[in-house]
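Please read these notes alongside the coordinates.

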Amino acid sequence: MTFLRPTLLTLACLLASPGFADDLPSLGDASSAIVSPQQEHQLGRAWLAMLRSQVSQLNDPQLKNYVETSVYKLVETSQLNDRRLEFILIDSPQLNAFAAPGGIVGVNGGLFLNAQTEGEYASVLAHELAHLSQRHFARGVEAQQRMQVPMMAALLAGIIVAAAGAGDAGIAAIAGTQAAAIQEQRRFSRQNEQEADRIGILNLEKAGYDPRSMPSMFERLMRQYRFDAKPPEFLLTHPVTESRIADTRNRAEQAPSGGREDSMTYQLIRARVQLIYEETPGLGAKRFRAQLDENPKNDVARYGLAIAQIKGGQFDDARENLKPLLAKAPNEIIYNLAQVDLDSTSNRLTEAQSRVDRLLTQYPRNYPLNQVRVDLLLKQNRPADAEKALEALLKSRPDDPDVWYMVAETRGLSGNIIGLHQARAEYFALVGDYRQAIQQLDFAKRKAGSNFPLSSRIDARQRELMEQERLIKDMMG
Ligand SMILES: [Zn+2]
């Protein structure tokens, strides 16, 4: 993860510049006087764009959709006021999840590997959401300002370290220069951690989960990493102690029993993530087959085996394994998408297309289904139809760089060159490359030529992006 260093250093320096602290409003009692919710929102989006340019991400629509849906469901019963969230799924098998100011929720693939039930997964996210709802970030900044140390550098570095999920020595060194700040931050962290546990447990219970999932997760993590010289980042920022487990256990036991512990959907999504981190599809297939041999009724293992076989090119075996699953649950989107994947990979495009169309009448707004429809249209060399389908998808996911990337590709294929440059501009802005974004709009304007309404629209967007870039620079420097 050495590629992270230049950006981190630049940012740390920018943030450490003396002018920054002086420009801020004077210290008030309320944390909001230091960093306003609106500033948090803008900073959050800026960090997200920067993060996206620095870490590799998981772009599986089914996984993205699951994380977004499950977190929004938790948010409904949380204390979060500002519910405009953005998500980043980081391609790392290390256990980690984080919530950054401005409503940025980050989840590592490793959370799925470690959390054995949906309740355990949700307990980590409920805890992280509590950090957001209690505005621990803004309070942390206030505490550091009191110490008169460079304010946000340590916090920001911490968030990026967490996001990268890497114990990189370079990052550790940068964090080390802020030792005083971090020490002070820790004092607050202990209180913050307790509060996040307490409020997270309440949220879990209100959302219908069994809150005992939280101490269960902590207990298992402690057993698992007790003798590990290098525990995962999440445990470094969230030390699991006996007293913390006892605290959460006591609180959770006060809740009535009968809450939800797990779901089939979680287990199926977890199987997808497990397959991502297998060295080869063959190894994945072997592991799922062993589980299936142990219990032939284990549908999750059968599903895992089927998708491993698709990935490994064993199409006939995959078809045999999907058959009983689809017979049992003909409307399960996850099984159907596996069948679509199989048909599409083995060149049965008509079958795949009609299955997707049938499902879309049932679930018209489902993101993975709409995405796979676009993929299929492109595969059938119908870029104009794909472009139309993508416009609809953009309405529901206007800030998703993966979607904008596809839009650019598709517009290119259908010969919409101005649209291609506009889409590239949106993509680059979302991944933090404003220079390229603005340049793409120059290309678009040149193409638009004498089409005045269009070129003035492009011009207006370009000014917006320049303004955004300036705002971020001001805020950070
Ligand atoms: Zn925490």
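1. Basis. This is a predicted model, in which local features need pLDDT of at least 70 and side-chain atom pairs count only at pLDDT 80 or more, while totals for chains, interfaces and linings use all residues. Residues are numbered from 1 along each chain as its sequence is written, and side-chain values use heavy atoms, with hydrogens and water left out.

2. Aromatic pairs. Rings of Phe, Tyr and Trp (its six-membered ring) are paired if their centres lie within 6.5 Å; planes under 30 degrees apart are stacked, over 60 edge-to-face, and the rest tilted. The count by this rule is ten aromatic pairs. In one of them, tyrosine 66 and tyrosine 266 are tilted, at 6.1 Å centre to centre and 50 degrees between the planes. This pair links distant parts of the chain, 200 residues apart: tyrosine 66 is in helix H4 (residues 61–76) and tyrosine 266 in helix H14 (residues 264–276). Helices here are DSSP runs (H or I, at least four residues), numbered from the N terminus.

3. Burial of the pair. Buried means under 20% relative accessible area, exposed over 50%, and partly exposed in between (1.4 Å probe, protein chains only). Tyrosine 66 is buried at 8%, and tyrosine 266 is buried at 0%.

4. A further tilted pair. Tyrosine 121 and tyrosine 266 are 5.4 Å apart centre to centre, with 45 degrees between the planes, and count as tilted. Here helix H6 (residues 118–133), which holds tyrosine 121, is linked to H14, with the two tyrosines 145 residues apart. Tyrosine 121 is buried at 1% relative accessibility. Ring pairs join Tyr66, Phe112, Tyr121 and Tyr266 into a cluster.

5. Charges over rings. The criterion is NZ of Lys or CZ of Arg within 6 Å of the ring centre and within 35 degrees of the ring normal. The charged end of arginine 260 sits over the ring of tyrosine 209, 4.3 Å from its centre. Arginine 287 lies over the face of phenylalanine 288, with 4.9 Å to the ring centre.

6. Nonpolar cores. A core is a set of buried Ala, Val, Leu, Ile, Met, Phe, Trp, Tyr and Cys residues joined through side-chain atoms within 4.5 Å. The largest has 65 residues, and Val71, Leu111, Phe112 and Tyr121 have the most contacts inside it. Helix H16 (residues 299–311) gives the largest share of this core, eight residues. Apart from it lies another core of 16 residues, including Leu393 and Met406.

7. Helix H4. The buried residues of H4 include Leu63, Tyr66, Val67 and Val71.

8. Asparagine 366. Asparagine 366 lies in the loop between helix H19 (349–362) and helix H20 (367–379), and is buried at 15% relative accessibility. Its side chain reaches the backbone nitrogen of leucine 369 at 2.9 Å.

9. Positive phi. Asparagine 347, not a glycine, has a positive phi near 65 degrees, and is exposed at 59% relative accessibility. Asparagine 381 has a positive phi of about 60 degrees and is exposed at 65%.

Definitions and conventions
Polar contact = N/O pair within 3.5 Å; in protein donor to acceptor, adjacent residues only side chain to side chain.
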